[in-house]
Each structure stands twice: as C-alpha cells, then as structure tokens.
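Me: I'm new to this one and would like to learn how to read it. Could you walk me through it, one feature at a time?

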Amino acid sequence: MKRRTEVVKASRIVVKVGSSSLTQRGRIDLDRLRLLVDALAARRVEGTEVVLVSSGAIAAGLAPMGLRSRPRDLATQQAAASVGQGLLMARYSDAFAAHGLRVGQVLLTVDDVTRRSHYRNAYRTFARLLELGVVPIVNENDTVATTEIRFGDNDRLAALTSHLVHTDLLVLLSDVDGLYDGDPRKPGTTMLTDVRGPDDLVSLQIGRTGSSGVGTGGMQTKVEAAAIATAAGIPVVLTSAGRVGEALRGDPVGTLFHPTGRRRKTRLLWLQHATSGQGRLQLDEGAVKAVTERRTSLLPAGINAVEGTFSAGDPVDLVSPSGVVVARGLVNYDATELPSLLGRSTRDLARELGAAYEREVVHRDDLVLL
C-alpha cells in the first residue's frame, strides 16, 4: 500500500478533533480520547512535533452541570466551557503522561493573533512549547469569548493555527471517514480521495451541521477550513477520528486536500478569515483604487463617512461608494476621533493637531482585500 508522501514527510502536524468524536451523553469518552492520544503519541515518539486543536469543553461540561443538551444562551455555554475545559485537560494530561509526554493548554481568541503585539506572543509560546517537547492543546477561550462561541468553529481555528505554527500538515477528524459527493448515509454516494482545488467541490452537496447535537460545525466548516489551509500552502487530510492512526501513518484513508496557494502573513490570514468588521469606513473612488490596485495605506483624505462603534486596533470594513466591502483592516483611530479628520491630508492634520495625527487610518500591512 502506497503511503501519502505529504503525511510521511511532515515534521510538524496539527490535528483537530471535534466534540462528537470525544464525548458521549455530555461526558468525555475515555476510550475515544485514548485512541486519539495513542495515535498522536506514536507519531510524537517518532520525532514529529504535534499540536492538538480540541473541541469538547462545552460538551464535557454538560453532564457535570446537569444539562441534557448544548445550551443556547451564551452565559450557560461559557459556564459549561469553564467546567468542561478543566476536565478535558485533566483527561488529556493523564493519557499523554502514559506515553511519557507533557501537555500545555493554549486558549486563543481572535485578538491573540490579529493584533500585532499579541500574535508575536502566541507564536513564541507555541515555538517554546514545541522546543521543550510539550504537546500544545489548543481551544478557543470559550469561557470569555462571545462571537467565537456563537459563530466560530474549531475547524477554522485549526486551519489558522496551522499557519501560525508553520505546520507541514493539518489533519481534520470527523465522525465521517471522508468527504462524499452527497449524504454518506444514503446509497450511491462516493468518497473523494483527493481534492485539488475549488472546481472539485462545485457539484457536491455538503452538510452544514453535525448530527450529534454537541458540536457547532458540520462538513461545510471542515471544507472551508481545508480551503483556508490549502490556500496558504498546507495539505489537509480529512477522515474519521477512528482512523486517526492510519491517517497519521500516511495510509490513503479519508480525503486529501492538496495545496492551492502559498504561505501568507499569519495575521492577515486571521484578519480575513477570523474577524468581522466592527465598523465601516465609506471610501471615495480614489481611495478604493489606491487600496485595491496600488495596495497603499488608507488615509483620512479618502474617507467620506464612518459607521459603527470601534476602538483603535479593531477590524473595520472598507466600503466602496456603491456599498461593496473591498477590504478589511485594523484601524488606528477610535470611531469618535475619525469624523473630524475626514477629507483632510495627514500633513495638515499633523501641523494642526500634532505629529501623532500623521499616521494612516489603516496601514497597508494591516489590511487584506476581500
């Protein structure tokens, strides 16, 4: 049997596992967890660095809190995450310790990688953990997150983390053994062994939600995560959690998504895929061309109007006169500061208000085209 070269040669791997693969009836399934850890430990002992992105905190907290299903309100989700995260890490710590391995918890929010000072800290933390032989276990910081819990998913987090840690491979584990051209529960559907680009996905019927009732994502989120990773040059294997050992050995199980692009700046990847605009800046035609064609920074002179409430450092959408969002960037001013600056040159603003007002509204290094 021919093994997948992309898997065998990978020296650093990110593996993502979902709630439905780790828990049953609101409790952590130790047999499933040990199966996963055994496979990861086997690869780690061979010398491969491993990062685990694990869902399951909210699901693991359901039974201890007397909840029968995943709560809908944010406060109870956060409470369940608070209880479940500690239980989940304790189980992981014990399971990896049986192989002589240590684990470290890394809880992330969008700010940790989109804001310039934060993402450097996140990268250094991962680098040092791996250097020390620790297995980082990553999750969104569900106990304090808001948008992340309601709209985010750990498939996307895994894709972005893969780029952050400069991994060679992303493995997405599901309750389905690969990507099918229809509902895998129905006869006549076929699993795709390889996906080489968006054209291979055009005719597929991809499910939007999982069937377990404890996770937030279905096959669609995994395909979207694979697209993020492969566009940044990272191959992706999608298969079931029960076949993780085979997948990490390079056996041709599941679906292999081949890279379609090159590695990008990590912060910009997160800015594009992990944020939403906290406000809107209405640009004139000249500013639209400057930002989209000449790839320059956005200056106050090119802004016609400001919408929304935001602070310096927040992501904002840049909008054309026709209402089309053309870019997203990290703004250097609060929403309350900007209106008095619009239409004016930075030179005039610096002369009147001081050197601090000579800065760009959005610097080109903090901007992505949409």
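This is a predicted model: local features need pLDDT of at least 70, side-chain atom pairs count only at pLDDT 80 or more; totals for chains, interfaces and linings use all residues.

Me: Which residue forms a salt bridge with aspartate 348, and how far apart are the closest N and O atoms?

Reply: The general idea is that side chains of opposite charge can pair when their charged atoms come close. The rule for a salt bridge is a side-chain nitrogen of Lys or Arg within 4 Å of a carboxyl oxygen of Asp or Glu. Here the partner is arginine 351, and the closest N and O atoms are 2.4 Å apart. Arginine 351 counts as exposed because its relative accessibility is 62%.

Me: Why are arginine 351 and aspartate 348 separated by about one helical turn?

Reply: Helices are DSSP runs (H or I, at least four residues), strands are runs of E of at least two, and both are numbered from the N terminus. The two residues are three apart in helix H13 (residues 346-353), so about one helical turn separates them.

Me: How many salt bridges are there by this rule?

Reply: The count comes to 15. One of them joins the side chains of arginine 32 and aspartate 29, at 3.5 Å from N to O. Arginine 32 is partly exposed at 29% relative accessibility, whereas aspartate 29 is buried at 15%. Another salt bridge pairs arginine 249 with aspartate 251, with 3.7 Å between the closest N and O atoms. There, arginine 249 is partly exposed at 47% and aspartate 251 is buried at 6%. Salt bridges also link Arg3, Arg249 and Asp251 into a network.

Me: What about arginine 4: is it buried or exposed?

Reply: Arginine 4 is buried, yet it has no salt bridge. For charges, Lys and Arg count as positive and Asp and Glu as negative, while His and the chain ends are not counted. A polar atom of the arginine 4 side chain does lie 2.5 Å from the backbone oxygen of valine 253. Arginine 4 sits in the segment before helix H1 (5-8).

Me: And how do I read the nonpolar core? Which residues of the largest one touch the most other members?

Reply: A nonpolar core is a set of buried Ala, Val, Leu, Ile, Met, Phe, Trp, Tyr and Cys residues joined through side-chain atoms within 4.5 Å. The largest has 38 residues, and Phe126, Val138, Leu170 and Leu179 touch the most other members. Helix H9 (219-231) is one of the elements that each supply at least two residues of this core.

Me: Where does threonine 221 lie?

Reply: Threonine 221 is in helix H9 as well. With a relative accessible area of 11%, threonine 221 is buried. Contact means heavy atoms within 4.5 Å. Leaving out residues up to four places away in sequence, threonine 221 touches Asp153 and Asp155.

Terms used: Residues are numbered from 1 along each chain as its sequence is written. Side-chain values use heavy atoms; hydrogens and water are left out. Buried means under 20% relative accessible area, exposed over 50%, partly exposed in between (1.4 Å probe, protein chains only). A polar contact is a pair of N or O atoms within 3.5 Å; within protein, one must be able to donate a hydrogen and the other to accept it, and residues adjacent in sequence count only if both atoms are side-chain atoms.
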